[in-house]
Amino acid sequence: MAEGKVDVEGELAAIKAQLAERPGAKNKLSMVVFSGELDRQLASMIIATGAAAMGMEVVLFYTFWGTAALRDPGKKAKGKNFISKMFGAMLPKGRDKLKLSKMNMAGAGTAMMKNLMKKKHVAGLGELLEVAGQLGVKIYICQMSMDLMGFKREEMIDYPGLEVVGVATFLDHAKESAIQLFI
Amino acid sequence: MEENAVKVLDYKGLACPMPVVRISRDIKTVDVGQVVEVNTTDPGSLADFPAWAKNAGQEIVGSKQENGIIRIFVKRVK
């Protein structure tokens, strides 16, 4: 049986520190953007900018098909091998070339949706990305996806703080976030 | 002005998420303690603004709907 008084202040401070460090403690949203379809990407951007507007820290991790949306159609990358060039040609070249996940109808459905959005003043991906940048939304691109699809850093869009990382970086952010999403 | 709003922010025609994105920025253009009036045509904003305020630490002091326009009064608390 230990002698002496309990160090209440010390214990309290230790508990507070533990609480602050526990998984999911931060007012933060971490989202995986896996899908390369227009409707899914719109949903992720609306959620991301909405969260940022509410004062949450937001981290996005673009991977697999989502990666193609970050391509800049005005940029070219050199030194690609044949497979990478093929992939590059087959995948959408940037956010304006994405299709709806349903009812694409050979492009007619997607065109109708874009038209409808314009009529209703719904922000498109370009506007949302700009807002996201202004609000400090952090975007990471999956290194492995870039490798697999043969994308190079220099052909991606300009976005403040854009970084190419691995899954551990994302998971570290996800772990301390209150909200984790996969779109 | 009603509710002592110091200015009116015209968000008519803006759709989700823009009203909330805009107020998060525009609320900083007034001093702490002042109230702004937001005019919006987005029905979702009626629920979104209180949710935003709760998270951003600001206050909704009133809202009314007239002639298809939703008027929301936001007070800058911090």
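Which residues is V58(A) in contact with, leaving aside its neighbours within four places in sequence? Here are a few notes on that and its surroundings; please keep in mind that this is a predicted model.

1. Starting with the question: beyond those sequence neighbours, V58(A) is in contact with L29(A), A48(A), A51(A), A52(A), V137(A) and K138(A).

2. V58(A) also turns up in the largest nonpolar core, which has 56 residues. Together with A48(A), L60(A), F61(A) and V74(B), V58(A) is among those that touch the most other members. Helix α2(A) gives the most to this core, with 7 residues.

3. Now to the packing of α2(A), residues 38-53, against α5(A), residues 125-134. Their axes lie 10 Å apart, at an angle of about 30°. Angles under 35 degrees count as roughly parallel, so α2(A) is roughly parallel to α5(A). The crossing of α2(A) past α5(A) is left-handed.

4. Which residues make this contact? From α2(A) come Q41(A), L42(A), M45(A), I46(A), A48(A), T49(A) and A52(A), while α5(A) supplies L125(A), L128(A), L129(A), V131(A) and A132(A). By class, the contact of α2(A) with α5(A) has 10 nonpolar and 2 polar residues, with no charged ones.

5. Finally, a look at where the two chains meet. Chain B brings 12 residues to the contact and chain A brings 11. On the chain B side, α1 (18-26) and α2 (45-56) are the elements that give two or more residues, and α1(B) gives the most, with 4 residues. The side of chain B that touches chain A is made up of 9 nonpolar and 3 polar residues, and no charged residues.

Terms used:
Residues are numbered from 1 along each chain as its sequence is written. Chains are lettered from A and ligands numbered from 1 in the order in which they are written. This is a predicted model: local features need pLDDT of at least 70, side-chain atom pairs count only at pLDDT 80 or more; totals for chains, interfaces and linings use all residues. Two residues are in contact if their C-beta atoms, placed from the backbone, lie within 7 Å. Ala, Val, Leu, Ile, Met, Phe, Trp, Tyr, Cys and Pro count as nonpolar, Asp, Glu, Lys and Arg as charged, and the others, Gly among them, as polar. Axes are lines fitted to C-alpha atoms, for helices over the stretch in contact, and angles run from 0 to 180 degrees between N-to-C directions. Angles under 35 degrees count as roughly parallel, over 145 as roughly antiparallel, 65 to 115 as roughly perpendicular and the rest as oblique. A crossing is left-handed if the near helix is turned anticlockwise from the far one by less than a right angle, and right-handed if clockwise. A nonpolar core is a set of buried Ala, Val, Leu, Ile, Met, Phe, Trp, Tyr and Cys residues joined through C-beta atoms within 7 Å. A residue is buried if 20 or more other C-beta atoms lie within 10 Å of its own, exposed if 12 or fewer, and partly exposed in between; C-beta atoms are placed from the backbone.
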